[in-house]
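Good morning, colleagues. Please look at the structure as I show it.

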Amino acid sequence: MKKELKVKNQKVWNEYVEKNKDDYGKCCIDVARQVMKNLDKLNEPLEYGYYPNPKTAHAMICIADDEIDAGGITGFMAGCVAQMIFECHKRGEEFKESFNGKNKSKGVINPALFTISD
């Protein structure tokens, strides 16, 4: 990883990169790397919400997907990207809160899941 990225846990990032060399995993790595580059450039706080608001975790993932021509990642892949950013980037906690919204969790909530209530 290039030094300009604000990585808080280089060891964990390197493990993700090393373990995800197949097309599916590498796509998640590539999108996460682009999101982190974009996050480093954003000097404003993140907000909760969705694309097209560019100051949301969701939009940052969608924009990165487009920028690197990843082909449209799935919701599960977006959750993997968000988890990597949460664990590895200096703004990871803020990114997780933007991604999860009002749902409080120790980790990233998988957007491919939903809750059914009475």
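The model is predicted, so local features need pLDDT of at least 70 and side-chain atom pairs count only at pLDDT 80 or more, while totals for chains, interfaces and linings use all residues. Residues are numbered from 1 along each chain as its sequence is written, and side-chain values use heavy atoms, with hydrogens and water left out.

Side chains of opposite charge can pair when their charged atoms come close. A salt bridge here is a side-chain nitrogen of Lys or Arg within 4 Å of a carboxyl oxygen of Asp or Glu. How many does a search of the whole structure find? It finds eight.

Consider Asp30 and Lys26, whose closest N and O atoms are 2.8 Å apart. Both lie in helix α2, residues 23-41, and because they are four residues apart, about one helical turn separates them. Helices are DSSP runs of H or I of at least four residues, numbered from the N terminus. Lys26, Asp30 and Arg33 are linked in a network of salt bridges.

Next, Glu44 and Lys55 form a salt bridge at 3.1 Å, N to O. Both residues lie in the loop between α2 and α3 (57-67), so the pair ties together parts that are eleven residues apart in sequence.

Finally, Lys96 pairs with Glu93 at 3.2 Å. Is Lys96 buried or exposed? Lys96 is buried, at 7% relative accessibility, whereas Glu93 is partly exposed at 37%. Buried means under 20% relative accessible area, exposed over 50%, and partly exposed in between, with a 1.4 Å probe and protein chains only.

Methods:
Helices (H or I, at least four residues) and strands (E, at least two) are DSSP runs, numbered from the N terminus.
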